[in-house]
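Me: I have a model to look through before the group meeting. Could you go over it with me?

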Amino acid sequence: MPRTVRDVVFVDGVRTPFGKAGPKGIYHETRADDLVVKAIRELLRRNPGLDPAQIDEVAIAATTQIGDQGLTIGRTAGILAGLPQSVPGYSIDRMCAGALTAVTSVAGSIAFGAYDAVIAGGVEHMGRHPMGEGVDPNPRFVSEKLVDESALFMGMTAENLHDRYPHITKQRADEYAVRSQEKAAKAYANGKIQADLVPVSVRRTNPEAGETGWGLVTADEPMRPGTTLESLANLKTPFRVHGNVTAGNAAGLNDGATASIIASEDFARENGLPVKMRLVSYAFAGVEPEVMGYGPIPATEKALAKAGLSIEDINLFEINEAFAVQVLAFLDHYGIADDDARVNQYGGAIAFGHPLASSGVRLMTQLARQFEEQPEVRYGLTTMCVGFGMGATVIWENPHWEGK
Amino acid sequence: MSTTAELLKGAAELFPDEVVTTAHVRHFDLPFGAGRFALITLDNGFDHTKPTTFGPQSLANLNTAIDQVEKEAAEGTIVGAGITGKPFIFAVGADLKGVELLKRHEDALAIGKGGHDVFKRLSSLGVPTFAYYNGAAMGGGVEVGLHCTYRTVSSALPAFSLPEVFLGLVPGWGGCTVLPNLIGADRAVTVIIENSLNQNKQLKGKQVYELGIADAIFEGADFLEQSLLWTASVLKGEIVVERAEVDRGEGWDAAVARGRFIADSKVHGAAPAAYRALDIIEAAKDGDLQKGFDAEDTALADLIMGGELRSGIYAFNLVQKRAKRPAGAPDKSLARPVTKVGVVGAGLMASQLALLFLRRLEVPVVLTDIDQERVDKGVGYVHGEIDKLLGKGRINQDKANRLKGLVSGVLDKAEGFADADFIIEAVFEEMSVKQKVFAEVEAVAPAHAILATNTSSLSVSEMASKLQHPERVVGFHFFNPVAILPLLEIVRGEQTDDASLATAFGVAKKLKKTAVLTKDAPAFVVNRILTRFMGEIQNVIDEGTPVETAEKAIEPLGLPMSPLVLLELVGPAIGLHVSETLNRAFPDRFTVSPNLAAVVKAGKRGFYVYDSGKPELDPEVAALLKQGDTVLTEQQVRDRVLDAVAQEIGLMLDEGVVAEAQDIDLCLITGAGWPFHLGGITPYLDREGVSERVNGKRFLAQGVASVPA
C-alpha cells in the first residue's frame, strides 16, 4: 500500500518540579510512578481537546526499571493516571536520553502511520534508585579492555573529556555553571519555568528532613540562585584528585518526571491541539564510552545532515548540562561562544537538575516556550549525552516562525 | 496553659494507652502566587491498617497545632490553613477505648467539651480553613472538617459516616449542630440517623459532594494537588463557593419527624441515642451553634454514662474483633485444604449453601439428591442466582462463566464425592435420615473428607456415632437467609478431632462467616435461646395473657421484630419442631405449646394477617387459641421472659456450650439480629438486674459493657 510520511509535532510538555535525591529530598517518600502519573494527568487537563481514548501509546522511559520504575511503567502509569484500559503502554531505556528516545520512537511510528497521538515521557527517582542499582556489567568489558573502567562512572568520563580538551579549564566550566544558575533564576523570575510544572503533593515523616506532614512542591529543589565563582572554586572534585568536575559544574542526583504529547500534525490540527514544535530530524550516535560527553557532536552532525541543514541554521539550543565540560566541548566544536545567547536561554540541568531518563522532555518543553517567544527563529535543537558513549539530537522547527 | 489544654491534660491522664495522633504543621507556597499556607496532617504514625483516631492527647496535639497556625494567621504570615490525613485515612473519630475507661459524668463531659473547644477554633482562625477529606472519615474525623470554612473530598474516598448513633452516641463534636446548618436538616438526618441505623451505611466520596458536605470533589490520583490548586483559586477570589440555602421552615420540622419515624422503626424507642441526636438537630434550627454544642456535650456525657453506649461498644468489638478470632478454634495450621465441596440434597437450603460455597471458595461444588429432577432444580437455582448477580453487575461474564462451570449435579454420590474434601448435608431434619446419608457418603468419600451437617437441633455426636470415622464430623449450622446473616455455629461433636474442626473454621473464614464454636448441646446457641424466649411468651399466652400484651411487653427491648412476627419468619412448623426437640432434652424448662401445635396443624403460616397494612391477629388463629385465665401485665410478662432467658444462658455457660457469655452475645447479634444497644443480651440482663435476680451474679464483670466501678 502506498504510504506518506506524516509530519510529527510536539503538542505540549509538562514536568514535575525536580528534587534532590536522598533522604532529605522533597520526593524521598514519593513513588516514582506517582510522579509520572501526575505529569500525565496534568498534560491531559491542559489539553482537553485530546480524548484520552484516542491516545495510541504511552511510552515512558526510566533507566533503572525495577520497583516503582519497573513493571512496564508506561502501561502501569497509564492505568494509574486513569487512561482508558484500551490505551497501551511500554517502557523505554536509553539512560539519560530515555525521554528523548521515547519521543523519537513514537515520532517514527507516527510518521509511519501507526499512531496518531502518543504520550511520551520519562521518570527517574535517583533517591529510590541510585545510579548503578542492580547493574551487572559483563566482565569482558574490562578483561578484553572493551571499555575503560572509568566509562561506567559518568563523573570520570567528564574528567576524561577535560583531558581531551585541555583548553576547557575548570575556570571555564565554573563560569558556565554560574551563568546557568543566573539564567535559571531569571527564567523563574519571569515565570518561564513554572508554567510547565505540575505541583506535586509530598509527604514527609522524617523530621530531620524538615517540617513533617503533607506539603506541596511547586518549584525545583536543586536550584542555587546566587551561586558565585568563589563559591564554586573550593568545591571538592570527587571523581579525581585535583580534577575539574565538581558538584557545582555538573548536574546533581535528582528525582523527577516529564511527559509530553506527540502527535501527527494533522491530528493535532483536527483536534484543536496546540502545535508547539515540528519535528525535523533526529539522530543518535555512539562514541568512546570513556568520553561519552562528546556524544552530542556526532549525533548533531548526523541530525543536521539528515535535515539538510547546517549548524548556522540553528538559532536556539537546548543542551542537557550533565556536565559543563560536555556543553563546552559541543560549543567549541561549532565555534559558539560559551555565553552565546542562543544556548540554554533558561539555564540548564546544572541549575534545575537531571533526573536521568526524564530530562529529554524538559529540554523540549523549554525549547517550545522559546519558539513561542521568538517567532524570528526557525530551527532549534535539543541534544544530550548518554552513558556508555552516546549522543542524541533532535532538530525542531518553530511553527510560529514568521518566515524569511 | 489554656483551659482547653488543662481539660485535655486531665482527660489524657485517664487514658495512658492512647494511640496518639500527631498534628504535623507544614508550610508552603500555594500555586498562582496565592500566598503562604499551613497544612495540618493528622497521622498516628501507623499505616492505613491502623486508622487515625482522636483521644485526649491527640486533641491536645491538634490544639497545639492550631495555636501555632492561629498565631501565624494573626501575624499575617499565612493566608489560609488546611487539614488532611495520612494516606488512605482522614480520621475515623474518637478513640472508643478511651470512652470505655470513663467512669464519671464530669470526665465524659470534659471529652465532649475538649473536642468542641479544639475543633471550633477552625471556624474562627482569622484566615479561611480547608478540610481535605483524602480518605476514610468517620465520626470526629468528619466533624473536625465540618468546622472548617471549606471542604474538598476525594472521589476515591471509600467510607464516610457519622456512626455515633449506630454505637449509641450522638455526633457530639459539632456533627448534630453544624451538619444540618450546612446541608439542611433532611440530609443531615440521612447521614446522622438513617445511614447510621442502617447497619452503619457508609457514604462514598461522590455522595459526600452531592450531599453538599464537600464544596469540591477531585480524583484520588492527585486529590491533594487539585485541592490545593482549588484552595489557591478560592483564596484569590477566582472561585466563589455557593451553597444551597437551608430550609429553616417546615422542611426542617419534617426532617426531624422523618428521623423520629426511622428511629422508631429501627430501635422502637429502646435506645436513646437517635432521639437525643434528633433533639439537638431540632434545636439547631435557629442556627445558634454554641447552644447546640452545649447540648451535644450534655448528650454525649449522658450517653457515655449509660448502658446502651457501653453495650454498643461491646457489641462493636465483638463483631469487629472476637468474630475474627473465634474462641476455642484449634490452630489454623491444622486445617486441610478444601478443593472440592459436596452438597447432599438439592433443596432450597442445599442450593443456597452450594451458591455460597461456590462464590466464596471458587472450587467445584457438586449437588446430589434422590432424583434427577431435584438435582436439575438445584443446579438451576444456582445458575439463576449467578445470572442475577451478573445482571446486577456484581460479577462479570467471565466470573459467571467460571462459577457456572464449577457447579454440577449428579445422582451418584460415588461419582460426585470421590474427590471431595468437604461434604455438607442439608437433608430432612431426622436423625435416621441423616445417619443414613452420612453412611452412604462415607462409603464413597475420601478418608480425609470432612462431613458437615447443617442440622439446627439434632445431636452431631449421635449423627456421627455409626460411622467408621466419626472424628471428621462437624456441625455447620447456618442461619436463614444464608447470604445475609453472618453467624455460623460450628459444632464440635464428642469425637470431632482438631484437624477437622480447624478445617471447618478455615472454611468458615473463607465463607466470610462469623464462626462461633459450640458444644454438641441441644439446638446449640441461638435456637436454644430463641426457643426458650419464644416458649415463655407462648406460655403466658397459653395461660391467658392477650397476644397483644405479650407482644407489647417485649417492645422496650427494641428487637428487630416482635416475637410472633419472628415465629412467622422462621415458620411455625419449624418453631414447633425445635421446641419439641428441646422439650425432649429439657422437659422442665421447654414446653410444647398446644396452641402452637394447633396453629401448625391448621396449616397456618403465622399468627397475623396484614390486610390493613398492619399486623392484626388472624381471626382464624384467634379461634384456635385456647387460653387460660391468668392475665399478666406487660411488666410481669417481660420479667418472666427475661428471667427465662437469663436462666437458660446461665445454664448454657455452666454446661460449657460456648466459652464465654461474649460468644452468646456474638451469636445473638449475628444470628438473630439482636441489637447493639442490648449488647446481644447479657449486658442488658446485667444492667436491668435480671442476671443478679435469677443467677445471683452478673454475666459480665462490671466495666465490661458497662461503666467501670
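What follows is a short exchange about this predicted model.

Me: Which residues of chain A does the "Thiolase N-terminal" domain annotation cover?
Reply: The unreviewed UniProt entry assigns that domain to residues 8–266 of chain A. Over this stretch the chain is 31% helix and 19% strand, and the C-alpha atoms at its ends are 9 Å apart.

Me: Which residues touch the most other members of the largest nonpolar core?
Reply: They are A:V36, A:I262 and B:I423, in a core of 355 residues.

Me: What is A:V36 in contact with, leaving aside neighbours within four places in sequence?
Reply: Its contacts are A:I60, A:I73, A:A77, A:G121, A:V123, A:A257 and A:A259.

Me: Changing topic, is A:M292 buried or exposed?
Reply: A:M292 is buried, because 28 other C-beta atoms lie within 10 Å, where 20 or more are required. A:M292 sits in the loop between β9 (277–286) and α9 (296–307) of chain A. Beyond its neighbours within four places in sequence, its contacts include A:T157, A:V287, A:C385 and A:F388.

Me: And how do α14 and α29 of chain B pack?
Reply: Helix α14 (residues 307–320) and helix α29 (residues 661–672) meet at an angle of about 85°, with their axes 10 Å apart. The two helices are therefore roughly perpendicular to each other.

Me: Which residues meet there?
Reply: From α14(B) come B:A315, B:L318 and B:V319, and they meet B:Q662, B:D665, B:L666, B:I669 and B:T670 in α29(B). The residues of this contact comprise five nonpolar, two polar and one charged.

Key
Residues are numbered from 1 along each chain as its sequence is written. Chains are lettered from A and ligands numbered from 1 in the order in which they are written. This is a predicted model: local features need pLDDT of at least 70, side-chain atom pairs count only at pLDDT 80 or more; totals for chains, interfaces and linings use all residues. UniProt positions are given in the numbering used here, feature names are shortened, and annotations may be inferred rather than shown by experiment. Helices (H or I, at least four residues) and strands (E, at least two) are DSSP runs, numbered from the N terminus. A nonpolar core is a set of buried Ala, Val, Leu, Ile, Met, Phe, Trp, Tyr and Cys residues joined through C-beta atoms within 7 Å. A residue is buried if 20 or more other C-beta atoms lie within 10 Å of its own, exposed if 12 or fewer, and partly exposed in between; C-beta atoms are placed from the backbone. Two residues are in contact if their C-beta atoms, placed from the backbone, lie within 7 Å. Axes are lines fitted to C-alpha atoms, for helices over the stretch in contact, and angles run from 0 to 180 degrees between N-to-C directions. Angles under 35 degrees count as roughly parallel, over 145 as roughly antiparallel, 65 to 115 as roughly perpendicular and the rest as oblique. Ala, Val, Leu, Ile, Met, Phe, Trp, Tyr, Cys and Pro count as nonpolar, Asp, Glu, Lys and Arg as charged, and the others, Gly among them, as polar.
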